[in-house]
Amino acid sequence: MSDAKTERLINLTLALLATKRYLKKAEILTNVAGYEGSQEAKERMFERDKDDLRSLGIEIEVGDLDVFFEDEPGYRIPQKSYELDLPDLTSRELALLSIASSFWNDSVLAPSAQSGIRKLQSLGIPATMDFEFRMKYRFDNPTQLLDQITKAIISRSRINFSYDSTSLKARHLEPYRIVFWNGYWYLIGMDVDRQALRLFKLSRFLGDITVSKKKKEFEIPSNFNVSDYLPKEDVEIIRTAKVNIRKDLGILLRERGKLIKPGEDFDTYELNYENETVFLREIIWHGANVKILEPVELQSQLLNLVGGVLT
Amino acid sequence: MSESALDRTARALDLIPYLLEHQGISIPELAQVFGVSEKQINDDLILIHMCGLPGYTPLELIEMYYEDGYVTVSDPQSLKRPRRMNRSEMTSLLVSLDLLKSLRTDGIAKEIEDLKTKLLNSLSFENPYVVIADAKSPEIVEMLERAITRASALRIVYLSGTKDESSDREILPLEIYQANNHTYLNAWCQRSGADRTFRVDRIQSAEIIEGKVINFKSSITSLEDGDPATELLVSKRARQFIEENRGVISSLEDGTSFRVKLQSIDEEWLIRTIVGFGGEIEVLSPSDLAREVKIRAQEIRALY
């Protein structure tokens with residue numbers, strides 16, 4: 001069944017591509033292999049096949065065959081619209097694209113990146129690999145949502161999803177852009193319930209998302225610029241703490257700190273930090289080998305954390 | 001489970017122009033390129049073999065030969081050129097290029113920008129992705145990349161984040177990548193006789209050992225059977241722990257808090273990390289680990 005249909009779709013594509021003039025429906029049904037059954041069944045088949053090919057992105061042009069028989073339209077696939085046309089792509093550029101597309105390993109964008117590359121490799125450009133760079137990205141989980149979100153953005157359809165957050169779980173969003181920022185994937189869009197632009201981390205999405213069946217439900221403002229909405233991390237105030245580090249230990253801290261006073265068992269260092277939580281974790285990580293001297297508030301926060309483990 | 005006729009048609013239409021440019025390609029290679037089984041490729045080829053133009057005499061059929069597992073196309077009929085790229089192909093290539101660009105500080109970044117313009121001029125699509133990243137490509141990265149390409153052995157001084165010590169190691173670098181905003185190097189480590197992952201910002205120095213060949217026995221696993229399963233209860237406030245350690249999490253259950261099972265992991269590192277989350281991570285098993293975490297917390301408290 002699937003075989004017969006595949007064969008028919010290929011034959012139809014070949015025929016419509018080969019023809020210079022428009023082919024009449026009757027010609028197609030008689031001459032293209034695979035159309036069988038009653039006249040009505042054949043016509044239904046043809047209508048479905050046309051839709052199927054169009055869903056693959058193949059443009060089928062409908063034109064008047066003859067001015068005297070204007071009631072009967074004809075069909076063809078214009079070569080220009082069917083074929084990939086990238087006349088001046090160089091070997092070097094093809095190599096760059098191949099490297100880039102290999103980032104996706106097993107993630108959801110891999111199939112489309114790979115089929116895109118296959119098409120480019122079918123253009124007859126000699127393949128060369130003259131790059132020495134090997135650095136790549138490695139993504140884990142959240143990428144399975146990317147495909148669905150992309151489609152929602154393109155068709156301007158709203159999405160619903162659950163988000164792992166302390167306040168509101170169910171979210172209703174007009175998705176604007178997928179952002180890769182600081183090593184993580186985010187979705188930015190208009191939160192319909194809050195009527196404000198919000199940024200969501202994809203790794204905190206819980207379960208599946210649902211995409212509305214409707215299209216063109218919203219517009220993305222033409223002056224929308226993602227970077228205006230990213231939290232500005234770099235303006236966080238840098239503070240300094242004074243700590244004691246046990247002799248010969250805490251090498252990562254010593255690396256980035258400033259030695260104030262060497263001592264017998266402990267050396268005193270000054271360390272800069274931006275984010276308290278992260279810094280406290282780093283200090284605690286060193287166990288009884290690092291002690292916070294100043295600021296006092298940081299010291300009591302540390303004791304709170306440690307106390308949390310003991311209760 | 002069987003694939004739709006449409007997916008198959010799409011692949012067949014791509015297969016023919018690809019074959020035309022890769023004459024004499026083997027079935028296994030073809031299967032790999034198209035990401036399907038060899039049997040599937042065989043079935044596809046048999047099917048394509050029967051397609052052609054109206055008339056369907058041998059002259060009008062797609063003509064190809066496959067002998068001893070190698071395929072050649074001599075007459076593709078009207079399928080000489082690949083199909084136009086669709087939206088998802090185009091967008092995934094564009095975002096791939098943006099990602100690649102974000103990794104480079106060298107002249108490549110400019111080249112990529114030109115390439116993107118070229119692609120967008122020929123095929124205009126809305127790109128729903130935005131990549132914002134500062135390429136940080138210190139000298140050491142370029143050196144590691146060169147060492148990977150040339151399979152050169154390296155001597156490195158490494159500050160271990162799990163042990164709080166620095167060590168000299170001879171390694172054969174294999175793979176370099178960024179994940180969660182850090183740069184990592186996978187390498188065969190002579191000293192431990194196994195693959196190891198190093199954080200590049202903790203490599204203090206690296207030099208190529210001229211003329212040295214490190215042979216590594218691959219597929220040695222450092223996992224020991226009978227390792228007691230580590231199970232944690234991670235509160236939502238400690239979700240960062242999960243985000244940063246996905247690589248070692250073997251199962252994750254979501255609820256009012258996350259129930260997490262870990263693969264074999266450096267215990268010392270784990271203890272220190274758990275204490276830092278101050279009670280937001282509870283050790284369910286093994287009980288030794290739970291006890292050790294408490295002891296550490298007491299030791300720290302005793303400092304003050």
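**Figure 1. Both A:Phe46 and A:Tyr75 are buried.** This is a predicted model. The two rings form an edge-to-face aromatic pair. Their centres are 5.2 Å apart, and the angle between the planes is 75°. A:Phe46 belongs to helix α3 of chain A, while A:Tyr75 belongs to strand β3 (residues 73-76) of chain A. The pair thus links distant parts of the chain, 29 residues apart.

**Figure 2. A:Phe180 and A:Trp185 form a tilted aromatic pair.** The ring centres lie 4.8 Å from each other, with 55° between the planes. Is A:Phe180 buried or exposed? A:Phe180 is buried, because its relative accessible area is 1% and the cut-off for buried is under 20%. A:Trp185 has 4% relative accessibility, so A:Trp185 counts as buried.

**Figure 3. Ring pairs build a cluster.** Which residues are linked into the cluster? They are A:Phe103, A:Tyr137, A:Phe180, A:Trp185 and B:Tyr129. Over all chains, the whole structure holds 20 aromatic pairs.

**Figure 4. Charged ends sit over rings in chain A and chain B.** In chain A, the charged end of A:Arg76 sits over the ring of A:Tyr22, 4.8 Å from the ring centre. In chain B, B:Lys236 lies over the face of B:Phe258. Here the distance to the ring centre is 4.6 Å.

**Figure 5. Confidence in chain A has a mean pLDDT of 86.** In this chain, 91% of the residues score at least 70. Among the elements of chain A, helix α3 (residues 39-55) has the highest mean pLDDT, 93. Strand β4 (residues 136-137) has the lowest, 82.

Notes:
Residues numbered from 1 in each chain as written. Chains lettered and ligands numbered in written order. Predicted model: local features only at pLDDT ≥ 70, side-chain atom pairs only at ≥ 80, totals over all residues. Heavy atoms only, no water. pLDDT = per-residue confidence, 0-100. Helix = DSSP H or I, 4+ residues; strand = E, 2+ residues; numbered from the N terminus. Phe/Tyr/Trp six-rings, centres within 6.5 Å; stacked < 30°, edge-to-face > 60°. Buried < 20%, exposed > 50% of the residue type's maximum accessible area, 1.4 Å probe, protein only. Lys NZ or Arg CZ within 6 Å of the ring centre and 35° of its normal.
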